[in-house]
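Hello,

Here is the structure you will be taking over. Please open it first; my notes on what turned up follow below.

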Amino acid sequence: MKHSVLAAFAGAVLAVSSVPALAEVNVALGKPVTAIGAFGTGSGYFGGGPIPPLPAKSIVTDGIFQGGAWTDGFWWDEQNSGTHNYVQVDLQGSYDLDRVALMVDNNDVYLVEAAAGGSWVPLGTVPEVCCSGLMRRDLVLAAPVTTDALRLSGVYVNAPGHDFAYSVSEIQAYAVPEPAVWQLCLAGLALLAAVAVRRSTAANAGRRPTSA
Ligand SMILES: [Ca+2]
């Protein structure tokens with residue numbers, strides 16, 4: 001019996017070493033997007049010419065970091081009007097987030113907020129970066145934040161190079177593995193150990209002499 005328990009333990013250790021690392025999951029993938037404010041209109045950047053078509057807001061959670069010009073994203077123009085537009089993602093469940101990844105226009109600062117306790121709590125801002133058009137920035141959180149919704153807005157910066165025209169083609173939210181996932185893994189290991197014990201016990205019983 002002692003050997004069978006040791007064998008079961010060894011089996012469990014082997015099983016632990018073969019469990020793949022739990023990957024982060026983008027919990028914003030395919031989730032509904034709400035656009036609060038006026039999008040795709042009112043910009044003075046087109047010299048009175050035709051305003052480019054606005055992509056569907058679902059582009060924001062389709063899992064693809066679309067690059068290209070700012071007008072290839074889901075764009076808006078605030079011109080420091082004092083009223084912010086918001087692009088909101090309903091996560092359809094509560095998650096402990098540790099990172100948010102954005103594909104947003106390069107020459108703007110963006111604020112990311114999380115719904116918590118009936119209000120919006122700032123998670124942080126991503127800075128302006130080089131180059132042009134849609135560029136990726138990640139916001140790594142110092143500690144996990146529990147939330148069921150995110151919203152993105154532009155930050156007004158009164159300095160050269162800022163045009164008050166904003167755009168986003170992707171918002172991804174990464175959750176730390178849920179306790180339920182770990183519990184499932186542990187339950188699986190316990191089952192493996194139980195099976196190993198049962199097999200070992202049965203094998204020992206089979207070898208037992210039958211003489212009286
Ligand atoms: Ca996208």
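Start with Leu150. Setting aside neighbours up to four places away in sequence, Leu150 contacts Val89, Val100, Val112, Ala114, Ile171 and Ala173.

**The core**

The largest nonpolar core has 33 residues. Which of them touch the most other members? They are Val89, Val100, Leu102, Leu150, Val168, Ile171 and Ala173. Six strands each put at least two residues into this core: β3 (74-77), β4 (86-105), β5 (109-116), β6 (119-126), β7 (134-155) and β8 (165-175). β4 gives the largest share, with 9 residues.

**Overall layout**

The protein has 2 helices and 8 strands. Read from the N terminus, the order is α-β-β-β-β-β-β-β-β-α. There are 212 residues, and 24% of them are buried. Take the contacts between residues at least 6 apart in sequence: 80% of these join residues at least 24 apart.

**How the strands pair**

- With β7: the pairing is antiparallel and has 14 bridges. Val87 has Leu152 of β7 as its bridge partner. Gln88 sits opposite Arg151 in β7.
- With β8: 7 bridges, again in the antiparallel sense. Ala101 is opposite Gln172 in β8.
- With β2 (residues 33-36): 4 bridges, and the two strands run antiparallel. Val33 is opposite Val89 in β4. Val89 is also one of the core residues that touch the most other members.

- With β6: 7 bridges, antiparallel. Tyr110 stands opposite Val126 in β6. The two strands make a hairpin with 2 residues between them. Gly117 lies in that turn and has a positive phi of about 60°.
- With β7: 6 bridges, antiparallel. Val112 is opposite Leu152 in β7. Leu152 is also the bridge partner of Val87.

One background point for reading these strands: in a regular strand the side chains alternate between the two faces of the sheet.

**A closer look at Ala115**

Ala115 belongs to strand β5. Is Ala115 buried or partly exposed? It is partly exposed, because 18 other C-beta atoms lie within 10 Å and a buried residue needs 20 or more. Beyond four places in sequence, Ala115 touches Trp120, Thr147, Asp148 and Ala149. Leu150 is 35 residues away from Ala115 along the chain, yet their C-alpha atoms are separated by 6.3 Å.

**Two backbone angles to check**

Two residues other than glycine have a positive phi, Cys131 and Phe164.

- Cys131: phi is near 70°. This residue is in the loop between β6 and β7. Cys131 counts as exposed because 8 other C-beta atoms lie within 10 Å, and the limit for exposed is 12 or fewer.
- Phe164: phi is near 65°. This residue is in the loop between β7 and β8. Phe164 is partly exposed, with 16 other C-beta atoms within 10 Å.

**Confidence**

The mean pLDDT of the protein is 85. Of its residues, 83% reach 70 or more. Where does pLDDT stay under 50? That happens over residues 12-19. The model has 7 contacts beyond four places in sequence for this stretch. Where pLDDT is low, the predicted coordinates should not be read in detail.

**In short**

Leu150 contacts residues including Val89, Val112 and Ile171. Residues 12-19 are the stretch where pLDDT stays under 50.

Over to you.

Best regards

Note on methods
Residues numbered from 1 in each chain as written. Core = buried A, V, L, I, M, F, W, Y, C linked by C-beta atoms within 7 Å. Contact = placed C-beta atoms within 7 Å. Pairing = 2+ DSSP bridges. pLDDT = per-residue confidence, 0-100.
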